[in-house]
Protein chains: 2
Amino acid sequence: MSSEIYDFSANQTNPNNFPFSVWAKMVRETLSDRPDDLLKRSSCGGVKELRNAIANHLLSFRGMVVDPNQIVVGAGTEYLYNLLIKLLGYDKIYCVENPGYKKIVQVYHSNRVKCCFAEMDENGVNLNSLESANADILHISPTHHFPTGITMPVKRRYELLAWANEKSGRYIIEDEYDSEFRLNGKPIPTMQSIDGTEKVIYMNTFSKSLASTIRISYMVLPAHLANEFYEKLSFYSCTVSTFDQYALAAFISQGYLEKHINRMRLYYVKKRQLVLDKIAHIFNPDECSVIENDSGLHFLLKLNTNILDTVLEKRLLAKNIHLQSLSSFYYKNHSIFGYDAPNTHLFLLNYSNINIDKLDEALKIIQKEISMTDI
Amino acid sequence: MSSEIYDFSANQTNPNNFPFSVWAKMVRETLSDRPDDLLKRSSCGGVKELRNAIANHLLSFRGMVVDPNQIVVGAGTEYLYNLLIKLLGYDKIYCVENPGYKKIVQVYHSNRVKCCFAEMDENGVNLNSLESANADILHISPTHHFPTGITMPVKRRYELLAWANEKSGRYIIEDEYDSEFRLNGKPIPTMQSIDGTEKVIYMNTFSKSLASTIRISYMVLPAHLANEFYEKLSFYSCTVSTFDQYALAAFISQGYLEKHINRMRLYYVKKRQLVLDKIAHIFNPDECSVIENDSGLHFLLKLNTNILDTVLEKRLLAKNIHLQSLSSFYYKNHSIFGYDAPNTHLFLLNYSNINIDKLDEALKIIQKEISMTDI
């Protein structure tokens with residue numbers, strides 16, 4: 001392997017895939033057509049045009065009926081998590097999925113709020129585990145759980161909504177970070193759209209559908225929380241530049257986001273298949289199997305090895321390969337898929353930005369390493 | 001007066017003053033020249049190019065010697081206040097100026113941290129008041145206090161640095177929101193530049209020098225706090241889009257910011273004089289006097305009236321004039337300049353974006369109102 005790290009977790013947007021010329025056109029038109037609007041302070045939730053565009057996008061892509069006034073735009077999902085804590089309360093107990101996306105816990109801890117953990121089963125957050133966690137706010141990614149890739153079935157979604165309705169003050173944060181790239185499988189409604197009692201806060205980002213470095217995310221608040229937000233927190237200016245907000249609004253409303261997502265879906269379908277083919281070509285079925293769900297930009301590799309996950313991670317890193325084990329996303333040791341963490345021998349493969357040309361070489365190194373005896 | 005509000009506090013950038021064509025050029029060049037960089041995750045403190053550009057700008061404009069690694073870029077000053085609380089501690093007591101910029105207190109309260117108040121005298125924050133406030137962190141705007149306009153003399157700056165050094169854990173947040181527009185008066189060093197013991201956190205924004213809607217601010221952390229920031233909080237992505245960061249970096253490093261500031265200084269010098277001339281022309285000296293310091297984009301009007309400040313504010317608003325009294329910026333009732341709040345009869349005039357053509361009319365309405373008897 002070359003001296004550069006081959007990163008199976010890298011998820012940044014490939015420059016060849018970003019619609020630079022269209023984006024440049026949007027920016028140019030925005031700058032020339034609406035100088036006055038650009039210098040006017042936007043509402044704390046974001047400019048009207050962008051919120052309208054997002055509401056229309058949610059309707060056509062996710063069948064969600066959302067009043068633009070429920071939408072709050074912010075500079076990244078992490079920023080919105082912080083805002084939500086201010087809205088929901090520092091005294092609440094926030095429950096996250098275990099294993100899960102570590103940054104969420106870091107955000108909660110950095111705000112000095114109490115955080116608890118709910119275990120996952122094959123359908124997502126386990127109810128018994130949730131019940132015993134004594135949580136007020138449940139923070140989940142039901143469409144495509146990170147890192148397991150689980151898509152939560154409708155039944156579990158209703159069960160969680162029932163949990164939220166058991167006690168006042170309970171809410172569910174539904175974090176959809178890459179729902180646009182659910183590439184097959186039947187469509188499952190968002191929890192927001194089956195929530196009849198204003199218990200779900202929906203979150204999404206343009207990090208996956210456009211680029212993470214553009215720092216634009218949004219949340220959809222239930223009506224009563226949206227009102228509370230404007231009452232209590234409207235002194236906070238929207239953190240996204242109006243320049244970017246108007247450019248993105250034009251990008252969405254002129255149909256470019258839809259085109260871009262469709263193009264990227266095709267690209268990812270092909271790339272995913274290429275990666276799967278290469279894995280099938282290099283590994284024997286008893287060496288490695290793929291555990292994939294229907295959605296998103298990553299899946300899991302189950303490697304047949306007796307080497308400890310942490311040891312294998314280190315050995316591969318010494319060969320310039322960054323491959324993260326599922327067990328590294330556990331907050332404590334628990335089981336999932338019947339394997340015992342921390343040695344599930346499951347590894348995360350995010351294929352969205354990996355270099356196909358060097359994939360063979362990287363896979364062969366992995367193949368060689370897993371056959372070594374553990375010492 | 002027309003049905004539109006004549007706002008003496010409005011501070012948004014006039015579209016005629018924003019350098020749209022140069023900005024468009026910077027964005028165009030950034031998009032075509034560095035697609036790869038734009039999609040690479042920036043450091044949590046901001047991209048290197050922008051931090052270098054800011055460091056050079058601080059050196060040439062404020063004589064500040066700053067390592068770019070000490071700079072943290074964020075989507076607005078309010079966002080950086082939030083980040084600072086995470087860095088300095090939720091258990092600390094934060095002291096703000098009274099009167100002061102209300103949003104600061106709102107930010108602290110929304111983070112559930114303890115906030116105390118230090119009174120102002122003619123040289124800025126009063127030491128006795130500060131001592132009795134029992135604060136850990138002092139948050140001030142010494143170059144141009146809002147709303148009084150006071151520029152803190154060097155002696156008081158050293159006294160405050162002495163206070164910060166009396167006890168470990170004490171820091172001073174030096175908030176310079178419009179230092180570029182100190183239009184006359186001898187230059188006064190920033191507290192950051194006379195701080196030899198890493199006690200000062202310097203903050204500034206491009207809100208005044210460019211546009212508030214572009215949402216880019218930055219802070220300069222003392223070296224040990226910068227290290228702590230990278231250790232503890234580097235999981236927080238920089239909240240400013242890399243697209244905007246690179247465009248601004250080019251704008252600064254190619255000399256356009258300096259040109260723009262110089263052009264705006266000339267514009268504000270002329271506008272300030274025009275406003276002062278109109279005030280002198282319309283009011284008799286016994287009706288109204290101007291209390292101005294050397295700096296910034298606002299000054300105070302002292303109106304000779306026996307009407308309560310709050311009553312006058314309301315009466316003027318009924319005539320579509322928004323004129324804020326100094327007393328409205330007090331957290332509690334205190335005295336400043338020898339007048340007793342809440343009836344100092346001092347009013348804030350931010351001239352940066354007022355409509356000169358309708359100023360005569362607005363001033364005449366004020367003149368008429370202050371001569372009415374209080375009922």
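Student: How many cavities of 30 Å³ or more does a search of the whole structure find?
Tutor: This is a predicted model, where local features need pLDDT of at least 70, side-chain atom pairs need 80 or more, and totals for chains, interfaces and linings use all residues. Residues count from 1 along each chain, chains are lettered from A and ligands numbered from 1 as written, and side-chain values use heavy atoms without hydrogens or water. A cavity is a set of points, on a 1 Å grid over the protein atoms alone, where a 1.4 Å probe fits but cannot get out. The number of cavities found in the whole structure is 13.

Student: What is the volume of the largest cavity?
Tutor: A volume is the space filled by probe spheres set on grid points joined across faces, edges and corners. For the largest cavity it comes to about 170 Å³.

Student: Which residues lie nearest the centre of the largest cavity?
Tutor: Its lining (residues with an atom within 4 Å of a point) has 16 residues. Nearest the centre are A:Val27, A:Asp244, B:Trp23, B:Val27 and B:Asp244.

Student: Which residues have the most contacts inside the largest nonpolar core?
Tutor: A core joins buried Ala, Val, Leu, Ile, Met, Phe, Trp, Tyr and Cys through side-chain atoms within 4.5 Å. The largest one has 146 residues, and those with the most contacts inside it are A:Phe8, A:Trp23, B:Phe8 and B:Trp23.

Student: Which residues of chain A does B:Trp23 touch?
Tutor: Touching means heavy atoms within 4.5 Å. Leaving out residues up to four places away in sequence, B:Trp23 touches several residues of its own chain, including B:Phe18, B:Leu210, B:Ile214 and B:Phe251. From chain A it touches A:Leu31 and A:Phe243.

Student: Why do the copies meet through the same surface?
Tutor: The interface residues of chain A can be checked against those of chain B. The copies meet through the same surface because the share of chain A interface residues that are also interface residues in chain B is 100%.

Student: Is A:Ser9 buried or exposed?
Tutor: A:Ser9 lies in the loop between β1 (6-7) and α1 (20-33) of chain A. Beyond four places in sequence, A:Ser9 touches A:His322, A:Gln324 and A:Asn350. Its relative accessibility is 15%, and under 20% is buried, over 50% exposed, and in between partly exposed (1.4 Å probe, protein chains only). So A:Ser9 counts as buried.

Student: What distance separates the C-alpha atoms of A:Ser9 and A:His322?
Tutor: Along the chain, A:Ser9 and A:His322 are 313 residues apart. Their C-alpha atoms are separated by 7.2 Å.

Student: What is the relative accessibility of B:Gln245?
Tutor: B:Gln245 sits in helix α9 (residues 242-253) of chain B. Apart from neighbours within four places in sequence, its contacts include B:Ser42, B:Gly46, B:Leu50 and B:Cys238. B:Gln245 counts as buried because its relative accessibility is 0%.

Student: What distance separates the C-alpha atoms of B:Gln245 and B:His57?
Tutor: B:Gln245 and B:His57 are 188 residues apart along the chain. The separation of their C-alpha atoms is 15 Å.

Methods. Helices (H or I, at least four residues) and strands (E, at least two) are DSSP runs, numbered from the N terminus. On a 1 Å grid over the protein atoms alone, a cavity is a set of points where a 1.4 Å probe fits but cannot get out, and a pocket is an open set with protein on both sides within 12 Å along at least five of seven lines; lining residues have an atom within 4 Å of a point.
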